[in-house]
Amino acid sequence: MARRFLKMHGLGNDFVVLDARDTPLSLTGAQARVLADRRFGVGCDQIIILEPPQSAGADVFMRILNPDGSESGACGNATRCVASLVAAEGMGRDRLTVETISGLLPAVRHADGLVTVDMGPARLDWRQIPLAEPADTLSLDVGAGPLSAPCAVNMGNPHAVFFVDDAEAVDLASWGPRLEHHTAFPQRANIEVATVVAPGRVRMRVWERGAGITLACGSGACATLVAAVRRGLTGRRAEIVMDGGVLTIEWRESDGHVLMTGPVATAFSGELDESLLSGPCP
Ligand SMILES: N[C@@H](CCC[C@H](N)C(=O)O)C(=O)O
């Protein structure tokens with residue numbers, strides 16, 4: 001059966017969104033890789049599969065697959081996209097809850113189209129990152145080239161944030177993959193390089209686990225703000241400036257939850273050719 005898809009993005013972090021709420025869909029790693037490939041398939045930073053909610057209180061379940069076929073527990077930019085999509089279906093209902101394998105994420109679509117998602121609590125214990133062995137997540141004994149001593153944060157997925165004098169100058173394409181696969185991170189890690197450029201403003205570039213360099217990463221922006229607060233570099237609310245645009249992130253004092261606000265967009269919709277998922281995968 002032909003499958004329709006939506007191509008959405010948050011700040012250029014782009015997604016193929018497949019609706020499996022009525023007709024179930026399970027992709028193998030090889031199918032995910034070909035679908036996400038920008039030449040052999042549609043192309044995207046993540047594949048998002050919408051499924052019926054699994055928990056009371058959730059409006060939709062969102063499965064997140066990276067272009068290498070691996071599954072992730074969080075994707076902040078896609079969560080905003082999905083929230084906006086489901087809110088549009090709800091005829092005027094602007095508050096809803098998106099479920100992922102990491103938990104329930106309440107979201108609000110504002111009148112100006114921006115979407116805020118409560119990404120849940122920042123998890124900071126070494127076991128929660130997870131790390132291979134006990135360590136202080138404020139500053140890990142991990143490094144490669146000019147990058148050292150990252151702060152580790154789990155936002156439903158693992159992140160290592162390296163603060164540097166000039167994020168633009170870092171050769172992320174070289175150091176990102178080495179750090180993603182560092183033995184300290186048994187589930188690999190998303191790698192951020194960040195520079196505080198003004199009070200309340202942080203420049204961040206990202207190497208995403210299973211995806212490589214992307215224009216933006218919502219969970220990475222959340223991890224960066226949490227890391228900056230923990231290091232005493234910013235207050236609890238800041239703008240995180242990525243290649244594709246800016247997210248406003250707040251680490252709420254009352255409950256430790258991280259709130260992410262930013263735009264969403266739909267680029268186009270289409271239909272997958274049946275041969276794409278059934279044929280041989282390169
Ligand atoms: N683009 C995302 C994160 C996607 C998942 C990540 N690559 C991982 O493997 O954890 C975001 O906006 O958060």
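Asn77 counts as buried because 35 C-beta neighbours lie inside 10 Å, where a buried residue is one with 20 or more other C-beta atoms within 10 Å of its own, an exposed residue has 12 or fewer, a partly exposed residue falls in between, and C-beta atoms are placed from the backbone. The structure is a predicted model, in which local features need pLDDT of at least 70 and side-chain atom pairs count only at pLDDT 80 or more, while totals for chains, interfaces and linings use all residues. Residues are numbered from 1 along each chain as its sequence is written.

Asn77 is found in helix H2, helices (H or I, at least four residues) and strands (E, at least two) being DSSP runs numbered from the N terminus. When neighbours within four places in sequence are left aside, Asn77 is in contact with Gly10, Leu11, Asn13, Ala216, Cys217 and Gly218, contact being defined by C-beta atoms, placed from the backbone, that lie within 7 Å.

The protein chain is assigned domain 1 (3-119 + 264-272) and domain 2 (121-259), with bounds that come from an automatic or database domain assignment. The centres of the two domains, taken over C-alpha atoms, are separated by 22 Å, and the contact takes 24 residues from domain 1 and 21 residues from domain 2. On the side of domain 1 that touches domain 2, helix H2 (76-89) and strand S8 (115-121) each supply at least two residues, and the largest share, four residues, comes from H2.

Both domains also give residues to the shell around the ligand, so the ligand lies between them. Of the 21 residues around the ligand, Ser72, Asn77, Asn157, Gly218 and Ser219 come nearest, a residue being near if its C-beta atom, placed from the backbone, lies within 6 Å of the molecule or strand concerned. Helix H2 and helix H4 (218-230) are the elements that give two or more residues to this shell, and the largest share, three residues, comes from H4.

An unreviewed UniProt entry lists several residues for "binding site", among them Asn77, Asn157, Glu208, Gly218 and Ser219; such annotations may be inferred rather than shown by experiment. Glu208 has its place in strand S14 and is buried, with 27 other C-beta atoms within 10 Å. Apart from neighbours within four places in sequence, Glu208 is in contact with Asp45, Asn190, Thr214 and Cys217.

Conventions: Contact = placed C-beta atoms within 7 Å.
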